[in-house]
Amino acid sequence: MNDISGSTVAELMVQSGVPFGTSGVRGLADAMTDKLCHAYATAFLQYLRQIGEFSDGDSVAIAGDLRESTPRIISACATAVRDCGGEVVYCGKVPTPALALHAMGNAMPSIMVTGSHIPADRNGIKFYRPHGEVLKSDEAGIVSQRVTVDPARFGNDGSLLAPVDLPEVTDVVPAYIHRYVEHFGADALEGLTVGIYQHTAVGRDVLARAVAALGGTAVPFGRETVFVPVDTEAIRGEDIALAAEWAAANKVDAIISTDGDSDRPLVADAQGVWLRGDVVGLLCARAVGADVAVTPVSSNTVLEVSGAVPKVVRTRIGSPYVIAAMMEAAEADPAACVCGYEANGGFLLGSAVGALAALPTRDALLPIVAVVQAAKDKPIADVVAELPPRYTFSDRVADFPQAHSAALIALLSSGAEDEQLARIARLFGEIAGFPTAIDKTDGYRMSFADGAVIHFRPSGNAPELRCYTEAESEAKARDLNERALAHVLADVVPEAVSLEKAAEKTD
């Protein structure tokens, strides 16, 4: 990766193995050299200059998470900002939504260095335009940028040769917390004791400050120094056990946490049982009085079944798709309260609500406060129990050839809809019953007469096949997932691959 000058981002992605995808960049920290990160940040700013959203002298806000590799990547990005003629506003180690709130409020681009929930040996960079996330429609413009890097700045290993002096930290946390105190009130959590699973989330102390500012009592647990990859959509077994232990040993009304960059929430009830992110999202949508809720096809259908929101829009998986659909909904009905959420719980506010200005990027604090506040009237477990019984379970097959995923989807989706339904009945009837609907928004999603759902989705950037299942009980959703994946691996994929090979011979 020594020869970067004159390369496009598309070429650098191939050379480095560090892809530019949804909202930004992710890869192995060792592969994300200072030179490469400088190049990607440069491409982002060059693109903004092209579309009239960045010029010489403009400020760019930068922040990061608590990973070991984050400080050097921040330095590389800050150097790129200065080399592009910009001024660095350094916001320190803060939650992504706190950075976004400050940057959007001041109409400046921003860069967040974080790998979110992925393992500690990896990292990432999220890019924000002055008024929101980089969307899928922006990717082509960034990836096509040709960048020039001064080789004298970097060593043979791609590291910056000279230390970088960052400006004094601009503290964006008070405004972020005040946003929720102003909306919910300083007594919103009065009388509640809230456990905080701190691990290595960048917002771990922000959560404690927010609980106190809202009148609650914060009790911190599990603070770590070595990075912990907490995924709010696939909660680790040890985190399930820890929450139950903390709840048993302490009288709490809830336990809260976030992922690494604190834009995705975790909420547990008084017994330490973690709520699914899409349930947290539904409860928050209901709390803000949403007229339209946008969520990916992988989110639980309890949203529709409950009738909590008048209009539901389903999208492909990924916040850029959710944001794009939110923008369309708001444009179609400017008076509507539009929100979005993902299966990981990240909540996006597309319209102003009360004292809350719109914040169309994933946020953890809004859904946390909305759900925990309800515990003043009744236990969170009771609030969840009042929802229709719909449960989701997800799993994946790692090291699954992408060619096999393509063959599977091709088999399932071939022919007219009645042919597809007949094929589904043949392949999955014994497992899930009579098929009634198909959704090909993202992968292949099958609904059945008894309410069961089986959704296969090949990973877009890894050799993995993901399977989401839904049923009226957690045990049934898990069992359905196990049986569906086992059947696909043993019977359906071999059939799909065999048919594909036969078609190739015919051609």
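Predicted model: local features only at pLDDT ≥ 70, side-chain atom pairs only at ≥ 80, totals over all residues.
1. Let's start with a pair of helices. Helix 6 covers residues 173-184 and helix 12 covers residues 365-373, and their axes come within 11 Å of each other. The two cross at roughly 35°, and the crossing is right-handed.

2. Next, have a look at Arg67. You'll find Arg67 in the loop between strand 4 (59-64) and helix 3 (70-83). Is Arg67 buried or exposed? With a relative accessible area of 2%, Arg67 is under the 20% cut-off, so Arg67 counts as buried.

3. So what does Arg67 touch? Leaving out residues up to four places away in sequence, the list is Thr114, Gly115, Ser116, His117, Ile118, Pro119, Ala120, Arg122, Asn123 and Phe227. For Gly115 there is a distance to go with the contact: the side chain of Arg67 reaches the backbone oxygen of Gly115 at 3.1 Å.

4. Now for salt bridges. How many are there in this model? The count comes to 29. One of the pairs is Asp56 with Arg49, where the closest N and O atoms are 2.9 Å apart. Asp56 is exposed, at 57% relative accessibility, while Arg49 is partly exposed, with a relative accessible area of 37%.

5. Another pair to find is Glu53 and Arg129, whose side chains meet in a salt bridge at 2.6 Å, N to O. This pair links distant parts of the chain, 76 residues apart. Glu53 is in the loop between helix 2 (34-50) and strand 4, and Arg129 is in strand 7, residues 122-129. Both partners come out as partly exposed: Glu53 has a relative accessible area of 21% and Arg129 has 23%.

6. Glu464 and Arg396 form a salt bridge too, with their closest N and O atoms 2.6 Å apart. Glu464 lies in the loop between strand 22 (453-458) and strand 23 (465-471), and Arg396 lies in strand 19 (residues 391-397), so the pair ties together parts that are 68 residues apart in sequence. Glu464 is buried at 13% relative accessible area, whereas Arg396 is partly exposed at 44%.

7. Salt bridges can also join up into a network here. Which residues are linked in this way? They are Lys126, Asp259, Asp261, Asp263, Arg264, Glu342 and Arg362.

8. Last stop: Asp395, which is in strand 19. Asp395 is partly exposed, at 37% relative accessibility. Apart from neighbours within four places in sequence, Asp395 is in contact with Leu465, Arg466, Cys467, Asn481 and Leu485.

Technical notes: Residues numbered from 1 in each chain as written. Heavy atoms only, no water. Axes fitted to C-alpha atoms, helices over the stretch in contact; angles between N-to-C directions. Helix = DSSP H or I, 4+ residues; strand = E, 2+ residues; numbered from the N terminus. Left-handed = near helix turned anticlockwise from the far one by under 90°. Buried < 20%, exposed > 50% of the residue type's maximum accessible area, 1.4 Å probe, protein only. Polar contact = N/O pair within 3.5 Å; in protein donor to acceptor, adjacent residues only side chain to side chain. Contact = heavy atoms within 4.5 Å. Salt bridge = Lys/Arg side-chain N within 4 Å of Asp/Glu carboxyl O.
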